[in-house]
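Visitor: I have a structure to look at and would like to know what the terms rest on. Could you take me through it?

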Amino acid sequence: MYRYDEFDEGLVRQRARQFRGQVERRLAGELPEEHFKPLRLQNGVYLQLHAYMLRVAIPYGQLDGAKLRGLAEIADRYDKRYGHFTTRQNIQFNWIRLEDMPEVLDRLADFGMHAIQTSGNCIRNVTSDPFAGAGADEVEDPRPWCEIIRQWSTFHPEFSHLPRKFKIAVSGGGHDRAAIRVHDIGLDLKRNSEGEIGFEVICGGGLGRTPHVGVTVREWISKPDLLSYLEAIMRVYNRHGRRDNKYKARIKILVNELGEAGFRKLVEEEFAAQHESEKVVLPQTEINRIEAYFAPPVFDAALPTSEIFDAARKTDKSLDRWARHNVRPHKIPGYASILVSLKPLGAPPGDATSDQMRAIADIADRYAGGDIRVAHEQDLVLTHVRLDDVPSVFAALQAAGLATANGGLITDIIACPGLDYCNLANARSISVANSIQEAFSDPNLEDLIGRLHLNISGCINACGHHHVGHIGILGVDKKGEEFYQVLFGGRADERAAIGEIAGPGLRHEDIAPALKRVVERYLVLRSSPEETFIDTLERLGQAPFREALYGAS
Amino acid sequence: MALLRHGRVGSCHRVFSETGFGECAARDVIVTLRSFLEDQTSPTPHREDVGIRLRPDDDPALLANNLDAVSLIEVEFPKYTDGRGYSIAQLLRRRYGYSGELRAVGQILRDQLLLMKRSGFDAVAFDHPDTEGVYAEAVGELSEVYQAAADGSISIFLRRRTDLSPGRLT
């Protein structure tokens, strides 16, 4: 993975020092909260319901053992011995005191991490496919470009006070596992008709109050032109994005108001108007230097199957079931990627204790070349594991309480922190997630259902991505009581779609039984066990599922 | 309100005139973009030492052909969170080649000063008990940059190139 050189490290240190001064001025009363707010936000510090929250950047979701141990240390020393992995591949600490923030940032810098631009109206952490570099379907590893975008967007003088936050995701082509069509900018590596690899540029996607699937602004842009093209988009947005209403300030609203053609015209005109001297110069030597950090590890020549693994699966049913859901194919024969579920029954989705972080770090160092990724589904991925080692990895994960066998299943729920932590939430998310997990806790039932993505948000800001769950759940407040609306048919992949609200909200206690009826209806209606929930829904429309949801038999 | 030019306290006798030049000499007033453009099509346009104040939604492209007449451009930041002025500054400096005084006015806080300097502002209306000291401290907080910008800094992308000697970079 990428290692900071003197420039990167120097800037992170200077930034920590700069924020230390800002915190001191705040604590001394020189800075009112109103003026401190945008500064703390650009350093990942939120003021939540009960305490300050620190969001630490995990660029494109990549960690190694040392970094994950460092995060565990932060959790132990400054928080309550756990952290929360987010849908933007970052980690949040919920209980850090403002006074401790400068020290935490210094400590983070010691192991090459920071909280730069993890919030605020700037370009946020760049996200990507957690299987980047391992997926057989990718055109090219997207991570070098994520790192290049990270550097270009860090402390950008022109784009630090945008109308609203700005999220960029990059996919390596093939299946979209980075939800690029619901980002402000989504980039997809692809070949043009001459076979040259560049990017499709998608713009104006996003969730929140007004969800939109992004539109293709450019079918293809070359690598050398990418950053200049991004600058053109950013400048159009910075100058023309709405600033009169924060709920209409995201780029998706601008794209929608100008229309796809109108927006494209502005971007293309701005791009064409750039003088040579305005172009972002990214020397090929620099691209090569950054790419070298992401060179694939040395893989052993191995057979495509593993006798050790196959034999273990035959004798250990729990390993076999876990492997079915959590072991994913790898581009190299004899290897696999492993999804470490952070969705055990009865715990907040995405949380990991400091002990679990250390366990995963150890397992990754021993069996996965130290390569750990955060998935936007709030799980972790061990990217490169030899099939022969999978039984050992399973045993080690089991010992740490991390072998939940639900990757991609209905209990692998994406959920925001909700009313238990967040001062924007209207309703609890975690307890609803737990009630659904409880209702579907029978492994046989879950196996029968197969792939089904369920996402929960505690308010319309949609941090739990409810619009793009096959089933989405949105918490709303009705006269002081929590209600939950159900959406059907969303998806975050290359066929991204926004789910449709089924009807009136349900009470907290009615959600799990209602979803059970929906899923039972699916099991009856599907054309074959291979037809997934979302496929059946797309074939039949939502009417039969809506009927089941509201209890008609 | 103190006026800093290149980090030093200075002064400016010009006054802002909402209604245009009137009977004033160009060097005594600051006019709106609209007043300036109207004046340029009048029989007796002001051709030198003009000062203009741009609102964040003004299009600096409208000035591109008249910049020789202009020696001062103020860019207004109605709120410190309104970042449009940074784009205006970059356009004026890098696309249209404006080399006169570029001054940020409005709600400006200490922690915006570095971004303003980098975007090409050489002057800023900014109040603090120790204006010069705070300015120097604020613009010196980050010593390297990942982007080329209007301040002429060399990006880290280029600084890393070992095949370029420092002499060629500067």
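Guide: R53 of chain B stands opposite E74 in β6 of chain B. The model is predicted: local features need pLDDT of at least 70, side-chain atom pairs count only at pLDDT 80 or more, and totals for chains, interfaces and linings use all residues. Residues are numbered from 1 along each chain as its sequence is written, and chains are lettered from A and ligands numbered from 1 in the order in which they are written.

Visitor: What makes β5 and β6 of chain B a pair, and in which sense?

Guide: Strands are DSSP runs of E, at least two residues, numbered from the N terminus. Two of them pair if DSSP finds at least two bridges between them. β5 (residues 50-54) and β6 (residues 70-77) of chain B have five bridges, in the parallel sense, so they count as a pair.

Visitor: Why are β2 and β3 of chain B called edge strands?

Guide: The open sheet has eight strands in the order β2-β1-β8-β7-β6-β5-β4-β3 of chain B, with mixed pairing. β2 (8-10) and β3 (15-17) of chain B each pair on one side only, so they are the edge strands.

Visitor: What are the domains of chain A?

Guide: An automatic or database assignment sets the bounds: domain 1 (6-110), domain 2 (134-292), domain 3 (307-399) and domain 4 (414-549) of chain A.

Visitor: How far apart do the C-alpha centres of domain 1 and domain 4 of chain A lie?

Guide: Those centres of domain 1 and domain 4 of chain A lie 33 Å apart. The contact takes five residues from domain 1 and seven residues from domain 4 of chain A, where contact needs C-beta atoms, placed from the backbone, within 7 Å.

Definitions and conventions. Contact = placed C-beta atoms within 7 Å. Helix = DSSP H or I, 4+ residues; strand = E, 2+ residues; numbered from the N terminus.
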